[in-house]
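Hello,

Please open it before reading on. My notes follow below it.

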Amino acid sequence: MKSENEIKMWTPTTAFLVLIMIFGLVIMVYRLFKGLGAVTNLSDRFPWGLWIGVDVLGGVAMAAGGFLIAGAVYILNMKKYRPIVRAAILNAFFGYLLAATAITLDIGLPWNIWHPIVMWQIHSVMWVVAIHVVLYTSTLATESSPMFFEKFGMEKAAGFIHKIIVPVVLFGVLLSTLHQSSLGAVYLIAARKLSPFWYNSQVPTLFLISAVMMGLSMVSFETILSEKYLGHKADIGILSGLARGTLITGVILFIAKIWFLFRGPGIPAAFNGTMEANMYLLEMIVGVVLPIILLSMKNVRENMKSIFFVDILVISGVLLNRLNVSIFGVYRDQAATGFSYFPTWMEFVVTFAFIAFAIIGFKVSVKYLRVFPKTEAQH
Amino acid sequence: MADTKPKGVLVDLTRCIGCRGCQIACKEWNERSVKKTVMYGNFTNPPELNSECYTNIRYIEQDNGGVPVWSFVKNQCLHCKNPACASVCPVEALKKTEAGPVTYNFERCIGCRYCMLACPFYIPKYEWEKAVPWVRKCTFCSERVANGLVPACIKVCPTQTMYYSDFDGVRAEAERRISENPGKYVSHIYGKEEAGGTSWIYISGVPFETLGFNMAIPAQPYPDLTWAYIKKIPAVIGVVIAAGAVSWAITRRNKNMDKEE
């Protein structure tokens, strides 16, 4: 484990990421003054685009690792995962900050973002989503606060959080279960709009299962990256455990997806060569089938390099799923009217800026806070 | 004098001559400007509703045994009885009023555009080019209706294409016209069942599916689709908390037993 000052702050990669962040920030300010039309390619037929698909839906799914590892360690007492629990929670916190900022930027009237807190409309899934973002981001802040308290020598405050950590984590597990599934529930209203490859009555459940798969892979991915670049010594036992979790979730997701394919458009429809069918196959092969085949082999589950490769497959697959639900699954219906959507370069830059923010935020935290344990168990 | 029953409109497509007076009246009353359009081989103009245009007439030319037949379809918000847009709005900016119109309150809106995804008829439009954008759609001239006046488009229509009355009255009138004029109308009232019923309904002399109407819209009210999820939330809360507490207690006891050993 490198000590605090061994992590070099200004590497060329970091400088590049900071540059993207600054560039993204300029575009965000421009968007505030000029409106969505000046920055995005959104239109009346494509009201939601890249920012919703990747930054919000993808970002929240990526953050699922936080509630899973926190739940495993604090509720199920799986001590094995204690060394990565702080990293997983911190990553989830950055993921949610990212998603919350992205949604604020994406809505037409960002200064009204607080309205759902006081203007209740319990029949709206969007209201449910909004309340969960607020509550869970606060919960994640509470869960990661001991790291900051320790840094500033506030041992009493850190001790207090540690005392209430079990109910806080349980609350976080509850909010995440509801939030991950409610993002899928948003699309329940899009009957006859969203392609039947993705539309079914259980789209909330599928969102939850795929978020679990994504969350486990993401934690593993970040742990390996931290080993590579931040001097954290990754424990292969932890990574194999996460890989086994990914495999089990992957099998459940596979069965569920095949069932809804069979019940919906029918299994042969996946091979009819249309854009939707091909996107569905790509998502299924990259994100579900290949990971299951690879992870079912013991030697793959016990090798850091191969686990890293599978992690990338799963993360890409679930991101692709969110893009399919939000953009490709509604594309043909809308494009028939002569409209089309491809993000502007500015939408891409802002998306990359958010990712850069999450990476740099995590790096700074690892440098200055005790994210990973020194050698002996903490708390 | 204004009565308090919820209002509805019957659009009798056999009466429309495509003069577009309604489009102009709507623009005047709602103070809408225009968006530039280009020739594209069809008389429908603008080709789609937009934030400056709440209603338009679709021009459809069909071939009836070598004779060209024109149909004109007035297109605007149908003001559903149980609107998807209002049910998904997180802040109740869109609302179904007692009087019938589905109205929009900019003061509440956050601009999430979920209404645009939810509406099965693609009605709500957005002011993409503005820094302070509104959601825009037909208002059913709610202020006029509240003051006992008929909506602007109906007021100017020279052929009485639209029959304005109370919700039940327009349905009865639609049934009456179909039954008293055998062969004149197809036997379907569009909006009677679609999306759980709409305040604006249509009758037509040619099949609706050939006029650009979406026939795949289910009869189920759209808000039911998302309510199926939301109503389960209290149960999920109970199950997750109970399961979490029980597993915590069990695993904690195991841990303590480990220690004792």
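Start with helix H1 of chain B. Its buried residues (under 20% relative accessible area, 1.4 Å probe, protein chains only) pack against strand S2 (56-64), strand S3 (67-75) and helix H5 (152-156) of chain B. Those buried residues are Cys22(B), Gln23(B), Ala25(B), Cys26(B) and Lys27(B), and H1(B) itself spans residues 21-29. Helices (H or I, at least four residues) and strands (E, at least two) are DSSP runs counted from the N terminus. Just after H1(B), Glu31(B) takes a positive phi of about 50°. Val34(B) is exposed (the class over 50%), at 63% relative accessibility. From Val34(B) to Thr103(B) is 69 residues in sequence and 22 Å in space, C-alpha to C-alpha.

The ground rules are brief. This is a predicted model, so local features need pLDDT of at least 70 and side-chain atom pairs pLDDT 80 or more, while totals for chains, interfaces and linings use all residues. Residues are numbered from 1 along each chain as written, chains are lettered from A and ligands numbered from 1 in written order, and side-chain values use heavy atoms, without hydrogens and water.

**Confidence**

Chain A averages a pLDDT (the predictor's confidence per residue, 0 to 100) of 91, and 97% of its residues score at least 70. One stretch to watch is residues 375-379 of chain A, where the pLDDT is below 50. Beyond near neighbours in sequence, that stretch has seven contacts in the model. Where pLDDT is low, the predicted coordinates should not be read in detail.

**The interface**

Chain B puts 55 residues into the contact (heavy atoms within 4.5 Å), and chain A puts in 57. Together the chains bury about 4900 Å² (accessible area, 1.4 Å probe, lost on being put together, summed over both), with 65% of it on carbon and sulfur atoms. On the chain B side, Tyr122(B), Trp128(B) and Tyr229(B) lose the most area to chain A, together 16% of what that side buries. Two salt bridges connect chain B and chain A. Polar contacts (N or O pairs within 3.5 Å, one able to donate a hydrogen and the other to accept it, with sequence-adjacent residues counting only through side-chain atoms on both sides) join 25 residue pairs across the interface, both residues at pLDDT 80 or more. Which elements of chain B give two or more residues to this side? They are helix H2 (84-88), helix H3 (114-118), strand S6 (125-126), helix H7 (223-230) and helix H8 (233-260). The largest share of that side comes from H8(B), with 12 residues.

Thr251(B) sits in helix H8 of chain B. Thr251(B) is buried, at 18% relative accessible area. Leaving out residues up to four places away in sequence, Thr251(B) touches Ile75(A), Leu76(A) and Asn77(A). A polar atom of the Thr251(B) side chain lies 3.0 Å from the backbone oxygen of Ile75(A). For the backbone oxygen of Ser247(B), the distance to a polar atom of that side chain is 2.7 Å.

**Salt bridges**

Over all chains the structure holds 18 salt bridges (Lys or Arg side-chain nitrogen within 4 Å of an Asp or Glu carboxyl oxygen). Asp106(A) lies in helix H5 (residues 82-106) of chain A and Arg113(B) in the loop between strand S5 (102-104) and H3 of chain B, so this pair joins two chains. Their closest N and O atoms are 2.7 Å apart. Asp106(A) is buried at 2% relative accessibility, and Arg113(B) is buried at 1%.

Within chain A, Glu283(A) and Lys257(A) meet at 2.6 Å, N to O. They link distant parts of the chain: Glu283(A) is in helix H11 (residues 275-295), Lys257(A) in helix H10 (residues 236-263), 26 residues apart. Glu283(A) is buried at 2%, and Lys257(A) is buried at 8%.

Glu302(A) and Lys298(A) also form a salt bridge, at 3.4 Å, N to O. Lys298(A) is exposed at 53%.

In chain B, Asp12(B), Glu173(B), Arg176(B), Arg177(B) and Glu180(B) are linked in a salt-bridge network.

**His188(B)**

His188(B) is in the loop between helix H6 (167-180) and strand S9 (200-203) of chain B. His188(B) counts as partly exposed, at 26% relative accessibility. Its side chain makes a polar contact with the side chain of Glu194(B), at 2.9 Å. Beyond four places in sequence, His188(B) is in contact with residues including Ile178(B), Tyr202(B), Phe208(B) and Met215(B).

Best regards

Terms used:
Buried area = accessible area lost by both parts, 1.4 Å probe.
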